[in-house]
Amino acid sequence: MMRFCLTLLIIVLTALTGCSSQTHLSEERSDSPLMSVFETPSVVVPSDLKETVWGNPELLFFRKIATESRADENGWVYQFIYEDYKTDELDNSHIVRYSFLGINLRYRFDDLHTIKVVREISQHKYYEKIAPSIMFFGSANEEEREDIRIISEILDPQKSVDELLSLNPENYCFHVLDKEMFFQLMHEALESEAKEPKDLYSLNKPLYALYQEPAFIDGYKFQLGFVCGMGFVDEIYIDVLYCTDTDNRYIQLSDMVESGRASDEQCILFEELQNLRKTIRGSESLLTGTDVIQNKVVAGVELDRLYTMLDNCDNMNYGIYVEGDISLGMELIE
């Protein structure tokens, strides 16, 4: 868990990172978009190859990432990832060189991303509605799954970068995914310069996560979502969840602000969280700029709890914030 993981989720083309168990989707689901798990060898370059690589000689690989964030609109964040070894002397046949990720950092579930499981209790059958711990593009319906199949066809690892760049978007038709966005991200990633973190420890952060405090305290808890493709915080979303009943249902601060139901103080709280997001985004640490929230209380919400959460996650102590699949209730099958 603490070692560096190079496992990529291809959203379906990607793999499940071994760094974060909270991304688990039920193993019984045949429609899971998690396909192709791989792991690259050591992150350290053998001494006899150090003269042949560029950038930080301690890094064996490079990763180029382009990100499109719609987190403020609907929570969705999309990334195109291109990675490979820095030298042709190493065998890259096991690496998924091109991948595409779609993940929701604001909402844990919606009606499209829930599944129904048949349960038999006391000779009666019920449908239990299950929500996964995190939503990925490709898991909602057949149209999304078809888009993933198209992406899988496009991102053949045997294709060269030039071959991908020469593809004509007019030859492809997505059902749900924004085609213009996909090809724009692909070109941006393939044509960009690779970034390397100064602190190699930052590479240990999960590639993606959606965490929550383990319990509601004083009627609320914090939720934290982020993607860190190469040690940098590419995008982050911070929200407050207010408990609404005994079944752990809640309403999100961001929704309250959007709908006009938030108080003036809650609007100030939301602005504080949005400003903190801007400060952390693009940095190597989840603690960047968090000095402003220490010992601070806004709208009855203790921001020290958020600081503790960010500190724990930045130091890989995120186990208590991992959420599993949740039940949304059962209905009797007639």
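A salt bridge, for today, is a side-chain nitrogen of Lys or Arg within 4 Å of a carboxyl oxygen of Asp or Glu. This is a predicted model, where local features need pLDDT of at least 70, side-chain atom pairs count only at pLDDT 80 or more, and totals for chains, interfaces and linings use all residues. Residues are numbered from 1 along each chain as its sequence is written, and side-chain values use heavy atoms, leaving out hydrogens and water.

Okay, the overall picture. We've got six helices and 12 strands; those are DSSP runs numbered from the N terminus, helices being H or I with at least four residues and strands E with at least two. Of the 334 residues, 50% are buried, meaning under 20% relative accessible area, with exposed over 50% and partly exposed in between (1.4 Å probe, protein chains only).

Now, the salt bridges: a search of the whole structure turns up 17. Which side chain does Arg70 meet at 3.4 Å, N to O? That's Glu68. Arg70 also meets Asp178, at 3.2 Å, N to O. Asp178 sits in the loop between α2 and α3 while Arg70 is in strand β1, so this pair ties together parts 108 residues apart in sequence. Arg70 is partly exposed, at 21%, and Asp178 is partly exposed too, at 31%.

Next, Arg106 and Glu258 meet at 3.1 Å, N to O. Arg106 lies in the loop between β3 and β4, and Glu258 in helix α4, so here the linked parts are 152 residues apart in sequence. Arg106 is buried at 0%, whereas Glu258 is exposed at 52%. And one network of salt bridges with shared partners joins Asp72, Glu235, Arg277 and Arg281.
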